[in-house]
Amino acid sequence: MLNSTLSALGAALAAKQVSSVELTKLFLARVGALNRKLNAFITVDEEHSLAQARVADERRAGKGTAAAAGPLTGIPIAHKDIFCTSGLRTTCGSRMLASFTSPYDAHVIERFDAAGAIQLGKTNMDEFAMGSSNETSHFGPVLNPWDVARVPGGSSGGSAAAVAARMTPAATGTDTGGSIRQPAALTGVSGLKPTYGVVSRYGMIAFASSLDQGGPLAKSAADLALLMNTMAGFDARDSTSLERPAEDYGRELNLNLAGLRIGLPKEYFGDGLEPDVRARVGEAVRWFETQGAKTLEITLPNTGLAVPVYYVIAPAEASSNLSRFDGVRYGHRADKYADLAEMYRRTRGEGFGTEVKRRVLIGTYVLSHGYYDAYYLQAQKVRRLIAKDFADAFARCDLIMGPTSPTTAFALGAKADDPVQMYLNDIFTIPAPLAGLPGLSVPCGFDARGLPVGLQIMGDHFAEAKMLGAAHRYQQATDWHLRAPKEAPL
Amino acid sequence: MSLTPDQLQRIALLARIEVSAEDERGVTDRLNAVFGLIDQLQAVDTSGIEPMSHPLDARLSVRQRLRPDEVTEADRRDAYQSGAPAAEKGLYLVPKVLE
């Protein structure tokens, strides 16, 4: 059961081989056994989860007035602690919100609730989603279940580690510059960042609003498709939510790979890529060639500018979004202050951690008088050049493949005091969100130390079904995605 | 660009974030390292390029949705204020700003 796909769990529930209460207890026990070691969850409320499971069992049995059961009815799902939940506290990994309970649910939470999924708990994350290692969380780092001396990636590191350790069948995450794909790669799970605007940002605590996008993490591409069918959809409360007809993200799972044009950006295979990562990604690409796919070298010439652009735009938007945390309406307030201005400064000085403060300060600076044109507007212009690189590339190919991360999981503390090295590690995941494009990561093998390697697949806007199809075909021929980590034996 | 600790304190004031004298040097050094990264953008020729503020504007005609100017929210003031650090009689309490 612990290693089952979502569709297998759904089938077991439908056939009454297991009840949702039993399934929820199984995963709660797994969380209880492993969380002390891995720190993947911030909040778990067994009674809350089991109450939802009892309702799901009644719904599966056709009792009550609820809608007919769906594929996720009764299945536990963990949620990144960035999604507001009225039934569980929402901390965003910050001291600022350490005791905050939202008065409303995020759109994504409403969708999973309506589908009858069980809220298994809230997963640990880098504070306000700012980080690539999960070390910036106020609640302590998440440890990588493949090697507890290493990071799981971030910012959705709790969700990724929880899926990898089979503490939950699936989880939600958010991706601003790689926060779903990079931890998926570093923990050996599958993760999808959808096209900007496909998943509503309502109730998803904002970091950088022109980049933030929610998405799923799970063991397989087929599971990601099932989760997307629930998560995606128009929501009038998010002004950038796209009005599009509902789509079945699993419709291309049997994608014919013959003739598929796969672009390999030369900038993604240059210096700085670990040899084992290069080898594993190369082997995966060769498998697609054996299936009849045509690979071609492409160029995304402005790739090297993506990290600098991101570290102007994302902090600028963050400095604006995080101005709401002022100690007045919700969250932490300092104990001692002489006046209102000092109350703001102390509250934010105490409530935010080092990385969040750094990014708010960067953003404040690049938006300040005299620097706006030189930094913020210039970054927005270079952002367009990066988007144009992708538009040119997708005129020649159907999908782009490359490594998700230049390295496998790095050691705890290795980059924690060097922000520039930490930022540069996201070089392959930052470009897609700058262009609003979807990207996913699936496991494609291990390095010599036994750490997972991720294959990144990027597509044009709204190409999620095709990307998931390619990933699913690969997972039918390989078993990397079914391997469970040694620190969390099945 | 390179910040001095004095300039850092001006930015910190604008951002309403207290930076202690003890942390000032370390915060300044790390910010300057990040500014060194960002400064690469200055060498890029962007003449004639429009700034991109919406990630899909290059490919799609994205229009801002409008809705009728009608009240759509129910009054949930008590629920919203239940999490406030200090609230009373429907008001958020802050230190006195006018004598």
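1. In this predicted model, 56 residues of chain A are in contact with 40 residues of chain B. On the chain A side, five helices each supply at least two residues: H9 (306-321), H10 (340-351), H11 (354-367), H12 (372-394) and H13 (419-424). H12(A) gives the most, with 13 residues.

2. By class, the side of chain A that touches chain B has 31 nonpolar residues, 13 polar ones and twelve charged ones.

3. Two of these helices, H9 and H12 of chain A, also pack on each other. Two packed helices are described by the angle between their axes and the distance between the axes. Here the axes of H9(A) and H12(A) come within 9 Å and cross at roughly 130 degrees. An angle over 145 degrees would count as roughly antiparallel, and 65 to 115 degrees as roughly perpendicular; H9(A) is therefore oblique to H12(A). The crossing of H9(A) and H12(A) is left-handed.

4. Which residues make the contact between H9(A) and H12(A)? From H9(A) they are A:Ala306, A:Val309, A:Val312, A:Ile313 and A:Ala316. From H12(A) they are A:Tyr375, A:Tyr376, A:Ala379, A:Gln380, A:Val382, A:Arg383 and A:Ile386. By class, the contact of H9(A) with H12(A) has ten nonpolar residues, one polar and one charged.

5. A:Ala316 deserves a separate entry. Its place is in helix H9 of chain A. Is A:Ala316 buried or exposed? A:Ala316 has 25 other C-beta atoms within 10 Å, and a residue with 20 or more counts as buried, so A:Ala316 is buried. Leaving aside neighbours within four places in sequence, A:Ala316 is in contact with A:Gly363, A:Val366, A:Leu367 and A:Tyr376. A:Tyr376 also belongs to the H12(A) side of the contact with H9(A). A:Ala316 and A:Tyr372 are 56 residues apart in sequence, while their C-alpha atoms are 9.9 Å apart in space.

6. On the chain B side, helix H2 covers residues 21-38. Its 18 residues should span 26 Å at 1.5 Å a residue, and the end C-alpha atoms of H2(B) are 26 Å apart, which agrees.

7. The buried residues of H2(B) are B:Val27, B:Thr28, B:Leu31, B:Val34 and B:Ile38. What do the buried residues of H2(B) pack against? Their partners are H9, H11, H12 and H13 of chain A together with helix H1 (5-14) of chain B.

How values were computed. Residues are numbered from 1 along each chain as its sequence is written. Chains are lettered from A and ligands numbered from 1 in the order in which they are written. This is a predicted model: local features need pLDDT of at least 70, side-chain atom pairs count only at pLDDT 80 or more; totals for chains, interfaces and linings use all residues. Two residues are in contact if their C-beta atoms, placed from the backbone, lie within 7 Å. Helices (H or I, at least four residues) and strands (E, at least two) are DSSP runs, numbered from the N terminus. Ala, Val, Leu, Ile, Met, Phe, Trp, Tyr, Cys and Pro count as nonpolar, Asp, Glu, Lys and Arg as charged, and the others, Gly among them, as polar. Axes are lines fitted to C-alpha atoms, for helices over the stretch in contact, and angles run from 0 to 180 degrees between N-to-C directions. Angles under 35 degrees count as roughly parallel, over 145 as roughly antiparallel, 65 to 115 as roughly perpendicular and the rest as oblique. A crossing is left-handed if the near helix is turned anticlockwise from the far one by less than a right angle, and right-handed if clockwise. The expected span of a helix is 1.5 Å times one less than its number of residues. A residue is buried if 20 or more other C-beta atoms lie within 10 Å of its own, exposed if 12 or fewer, and partly exposed in between; C-beta atoms are placed from the backbone.
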